[in-house]
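Please report on the fold, the core and the model confidence of this chain. Keep it brief.

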Amino acid sequence: MEYSLVVAPSLETLAAEVAVFFPKGWKLKGGILEHNQGFAQQLVRKPSDSIRYRKQAPMMKPPKQRTKWIE
């Protein structure tokens with residue numbers, strides 16, 4: 001298991017920083033902790049999740065459709 005701890009001065013910035021980890025296979029563990037320097041959130045990920053994320057193909061753009069103009 002991999003663990004990550006995200007610390008931010010406010011709840012809004014904490015939410016923005018944690019949101020970056022979700023597409024990479026991270027999940028929330030526990031609740032939000034309040035401390036002297038702001039707020040913290042712990043994230044957890046299995047090593048197999050990180051491998052699965054790397055193997056995914058990047059989002060492909062749909063091919064442009066060719067249109068035939070009739071004159």
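## Strand pairing

Strand 2 and strand 3 run antiparallel and are joined by six bridges. A hairpin of two residues links strand 2 to strand 3. Within this pairing, Leu-33 stands opposite Ala-40 of strand 3. Strand 1 is also antiparallel to strand 3 (residues 38-45), with seven bridges between them. Here Leu-5 faces Gln-42 of strand 3.

Strands pair when DSSP finds at least two bridges between them. Strands (E, at least two residues) and helices (H or I, at least four) are DSSP runs, numbered from the N terminus.

## Model basis

This is a predicted model: local features need pLDDT of at least 70 and side-chain atom pairs count only at pLDDT 80 or more, while totals for chains, interfaces and linings use all residues. Residues are numbered from 1 along each chain as its sequence is written, and side-chain values use heavy atoms, leaving out hydrogens and water.

## Sheet and helix

The three strands form an open antiparallel sheet in the order 1-3-2. Strand 1 (2-8) and strand 2 (27-35) are at the edges with a single partner strand each, so one side of each has no neighbour in the sheet. On average, neighbouring strands are turned by 20° against each other, direction ignored.

Helix 1 (residues 11-19) lies across strand 1, strand 2 and strand 3. Helix 1 runs at about 150° to strand 1. Axes are lines fitted to C-alpha atoms, for helices over the stretch in contact; angles run from 0 to 180 degrees between N-to-C directions.

The largest nonpolar core has seven residues: Val-6, Ala-8, Leu-14, Val-18, Trp-26, Phe-39 and Leu-43. Such a core is a set of buried Ala, Val, Leu, Ile, Met, Phe, Trp, Tyr and Cys residues joined through side-chain atoms within 4.5 Å. Strand 1, helix 1 and strand 3 each supply at least two of the core residues.

Gln-41 lies in strand 3. Gln-41 is buried, at 5% relative accessible area. Buried means under 20%, exposed over 50%, and partly exposed in between (1.4 Å probe, protein chains only). A polar side-chain atom of Gln-41 lies 3.4 Å from the backbone oxygen of Lys-29.

## Confidence

The chain averages a pLDDT (the predictor's confidence in each residue, from 0 to 100) of 80, and 77% of the residues score at least 70. Where pLDDT is low, predicted coordinates should not be read in detail.

Conventions:
Contact = heavy atoms within 4.5 Å. Polar contact = N/O pair within 3.5 Å; in protein donor to acceptor, adjacent residues only side chain to side chain.
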